[in-house]
Amino acid sequence: MDPDRVQARERLLVERARAGDQEAFAELVRSHQDDMYTLAFRLTADRDLAADVAQEAMIRAWRGIGGFRGDASFSTWLYRITANTAWTLRARRRRRAWLPLELAERVPAPQTPESHPETAGDTEDLRRRLVTALARLPAGARQVVVLKDVEGMSHVEIAAALGITTTAAKVRLHRARLRLRRLLEEGGT
Amino acid sequence: MKPTCRLCGPLAMVAALDDRSPVAPVARHVSGCLRCQAEVARGRALRRGFAALGAVRYTAPRDFAAGIERSSGVTAPRRRVPVVPVVVVAASVVVALSLRRRLAAG
């Protein structure tokens with residue numbers, strides 16, 4: 001569908017949801033739930049916890065949609081709630097994040113137009129190493145790296161999502177990348 | 001004299017690049033220095049890896065919309081109730097009732 005029409009439809013659904021239309025919100029949820037679950041999984045490295053995070057984030061979004069002003073896009077707003085919820089639930093459970101390696105291996109290699117047969121194997125290998133290294137990063141460091149380098153959020157968006165200053169977001173990202181680099185070097189990258 | 005890299009020091013410079021050439025430091029950094037070239041290659045590889053990671057999307061294990069409907073106490077978005085008008089109206093009603101009572105009592 002035409003991206004403009006998709007955005008217009010989303011705006012309409014958001015307006016209806018703000019007015020209390022649960023069906024409209026359910027439609028919004030269904031169109032974003034895979035992305036929210038993906039982000040939650042990357043932040044928590046735990047499938048069950050990620051599902052709880054996504055569910056809790058949806059409930060928070062439903063409760064808070066009256067205050068959504070539309071300054072950012074709806075998906076960015078949902079991402080912020082998901083990142084915050086992941087942080088809160090993870091701290092509540094105080095469970096050490098782990099990544100079942102067999103999961104990383106089961107995930108199919110992405111098929112993109114840029115995929116080249118000669119580099120596809122290297123990229124797949126690198127992706128697996130990255131998944132493993134990310135899972136070994138402390139939660140706070142993983143959060144900024146995932147939001148910036150994987151999800152492509154700006155420093156400003158990350159700062160807003162995590163409730164920190166932009167400078168703090170930059171510093172945290174710099175330190176996190178250094179740690180990630182050390183982990184990758186230990187892993188032979 | 002052995003040519004040096006302006007950005008990462010003398011040890012890693014390769015002779016391929018003429019140190020006297022008026023090449024901008026960044027171009028020199030990328031094209032001339034073995035160490036920096038390694039950094040650049042690693043940076044490119046990492047970006048490729050992150051892009052591959054970002055391209056993978058997981059499917060939600062359940063319908064979260066149904067979860068919201070099932071959640072107790074989640075019936076509608078919280079409305080922002082204007083506090084001041086509510087207080088003013090309530091106070092006015094109390095005053096009006098009080099006056100009426102006094103008038104009725106004579």
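Modeller: Two residues are in contact if their C-beta atoms, placed from the backbone, lie within 7 Å. By that rule, the contact between the chains takes 33 residues from chain A and 27 residues from chain B. The model is a predicted one.

Biologist: Which helices make up the side of chain A that touches chain B?

Modeller: Helices α2, α3, α6 (117-136) and α7 (139-150) of chain A each supply at least two residues. The most comes from α2(A), with 10 residues. By class, this side of chain A has 16 nonpolar, nine polar and eight charged residues.

Biologist: How much of chain A is buried, and how much of chain B?

Modeller: A residue is buried if 20 or more other C-beta atoms lie within 10 Å of its own. On that count, buried residues make up 35% of the 189 residues in chain A and 11% of the 106 residues in chain B.

Biologist: What part of the contacts joins residues at least 24 apart in sequence?

Modeller: Taking contacts between residues at least 6 apart in sequence, the share is 68% in chain A.

Biologist: Why is A:Leu126 called buried?

Modeller: A:Leu126 has 20 C-beta neighbours inside 10 Å, and the cut-off for buried is 20 or more. A:Leu126 therefore counts as buried. This residue is found in helix α6 of chain A. A:Leu126 and A:Leu184 are 58 residues apart in sequence, while their C-alpha atoms are 9.4 Å apart in space.

Biologist: Why is A:Ile59 called partly exposed?

Modeller: A:Ile59 has 18 other C-beta atoms within 10 Å. Buried needs 20 or more and exposed needs 12 or fewer, so A:Ile59 is partly exposed. A:Ile59 lies in helix α3 of chain A. Its C-alpha atom is separated by 10.0 Å from that of A:Val29, 30 residues away along the chain.

Biologist: Which residues of α3(A) are buried?

Modeller: In α3(A) they are A:Ala50, A:Val53, A:Ala54, A:Gln55, A:Glu56, A:Ala57, A:Met58, A:Ala61 and A:Trp62.

Biologist: What makes α2(A) oblique to α3(A)?

Modeller: Helix α2 (residues 22-44) and helix α3 (residues 47-64) of chain A pack at an angle of about 140 degrees, with their axes 8 Å apart. Roughly antiparallel would need an angle over 145 degrees, and roughly perpendicular runs from 65 to 115. That makes α2(A) oblique to α3(A). The crossing is right-handed. Residues of the contact include A:Phe25, A:Val29 and A:Tyr37 of α2(A), and A:Leu49, A:Val53 and A:Trp62 of α3(A). The contact residues divide into 14 nonpolar, two polar and one charged.

Biologist: Why is the packing of α2(A) with α4(A) also described as oblique?

Modeller: α2(A) and helix α4 (residues 74-93) of chain A pack at about 40 degrees, with axes 10 Å apart. Roughly parallel requires an angle under 35 degrees. α2(A) and α4(A) are therefore oblique to each other. Their crossing is right-handed. Among the contact residues are A:Leu28, A:Leu39 and A:Leu43 of α2(A), and A:Phe74, A:Leu78 and A:Arg90 of α4(A). By class, this contact has 10 nonpolar, four polar and two charged residues.

Biologist: How do you know that α8(A) is roughly perpendicular to α9(A)?

Modeller: The axes of helix α8 (residues 155-162) and helix α9 (residues 166-186) of chain A come within 8 Å and cross at roughly 100 degrees. Angles of 65 to 115 degrees count as roughly perpendicular, so α8(A) is roughly perpendicular to α9(A). The contact includes A:Val156, A:Ile158 and A:Leu162 of α8(A), and A:Thr166 and A:Lys170 of α9(A). It has six nonpolar, two polar and one charged residues.

Notes. Residues are numbered from 1 along each chain as its sequence is written. Chains are lettered from A and ligands numbered from 1 in the order in which they are written. This is a predicted model: local features need pLDDT of at least 70, side-chain atom pairs count only at pLDDT 80 or more; totals for chains, interfaces and linings use all residues. Axes are lines fitted to C-alpha atoms, for helices over the stretch in contact, and angles run from 0 to 180 degrees between N-to-C directions. Helices (H or I, at least four residues) and strands (E, at least two) are DSSP runs, numbered from the N terminus. A crossing is left-handed if the near helix is turned anticlockwise from the far one by less than a right angle, and right-handed if clockwise. Ala, Val, Leu, Ile, Met, Phe, Trp, Tyr, Cys and Pro count as nonpolar, Asp, Glu, Lys and Arg as charged, and the others, Gly among them, as polar.
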